[in-house]
Amino acid sequence: MAVVVKYVVERNGVERMTFTTKKEADAYDKMLDIAESLEVMLEKVDVPLSEQQIESLALEIAKSKDDFINVLKGAKEPVSKPAAKKKDTANAADLKSAEDKA
């Protein structure tokens with residue numbers, strides 16, 4: 001029998017993601033905090049956006065916050081290159097998709 005340590009990021013009673021290291025879980029939790037703050041800001045903009053659009057946009061900005069910070073500081077283009085959209089199943093398991101199926 002093996003003992004496996006998992007770090008679960010939970011928001012409002014919903015498990016969002018599971019990680020194998022505390023560092024990764026903390027980073028994801030911080031990204032979700034940033035996304036929540038961005039949602040509040042985006043709700044105030046004078047552009048008609050649905051609640052789902054606001055949530056998705058805030059999450060994407062939070063994921064690429066370093067690039068946005070560099071552009072806002074005057075950089076001509078983002079420093080980091082866009083990563084290929086794939087999930088790292090070795091370190092994290094997306095629990096949200098499992099909940100959607102349930």
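Visitor: Which residues of α1 are buried, and what makes a residue buried rather than exposed?

Guide: The buried residues of helix α1 are Ala 25, Tyr 28, Met 31, Leu 32, Ala 35, Leu 38 and Leu 42. Buried means under 20% relative accessible area, exposed means over 50%, and partly exposed lies in between (1.4 Å probe, protein chains only). The structure is a predicted model, in which local features need pLDDT of at least 70 and side-chain atom pairs count only at pLDDT 80 or more, while totals for chains, interfaces and linings use all residues. Residues are numbered from 1 along each chain as its sequence is written, and side-chain values use heavy atoms, with hydrogens and water left out.

Visitor: How do you know where on α1 the buried residues lie?

Guide: Viewed down the axis of α1, the buried residues fall within an arc of 140 degrees, so they line one face of the helix. The arc is that of the directions from the helix axis to the C-beta atoms. On the other side of α1, Lys 23, Lys 30 and Met 41 are exposed.

Visitor: What makes α1 a helix, and how does its reach stand against the expected span?

Guide: Helices are DSSP runs of H or I with at least four residues, strands are runs of E with at least two, and both are numbered from the N terminus. With 22 residues, α1 meets that limit. The expected span is 1.5 Å times one less than the number of residues. From first C-alpha to last, α1 reaches 32 Å, close to the expected 32 Å.

Visitor: Why is the contact between Asp 29 and Arg 11 called a salt bridge?

Guide: The term requires a side-chain nitrogen of Lys or Arg within 4 Å of a carboxyl oxygen of Asp or Glu. Between Asp 29 and Arg 11 the N to O distance is 2.7 Å, so the pair qualifies. This pair links distant parts of the chain, with Asp 29 in helix α1 and Arg 11 in strand β1, 18 residues apart. Asp 33 also forms a salt bridge with Arg 11, the closest N and O atoms being 2.5 Å apart. Asp 33, in helix α1, is 22 residues from Arg 11. Arg 11, Asp 29, Asp 33 and Glu 36 are linked in a network of salt bridges.

Visitor: Is Arg 11 buried or exposed, and how are Asp 29 and Asp 33 classed?

Guide: Arg 11 has 12% relative accessibility and therefore counts as buried. Asp 29, at 29%, is partly exposed, and Asp 33, at 37%, also counts as partly exposed.

Visitor: Why is Asn 12 called exposed?

Guide: Asn 12 has 78% relative accessibility, so it counts as exposed. Asn 12 is found in the loop between β1 and β2. Its phi is near 50 degrees, a positive value in a residue other than glycine.
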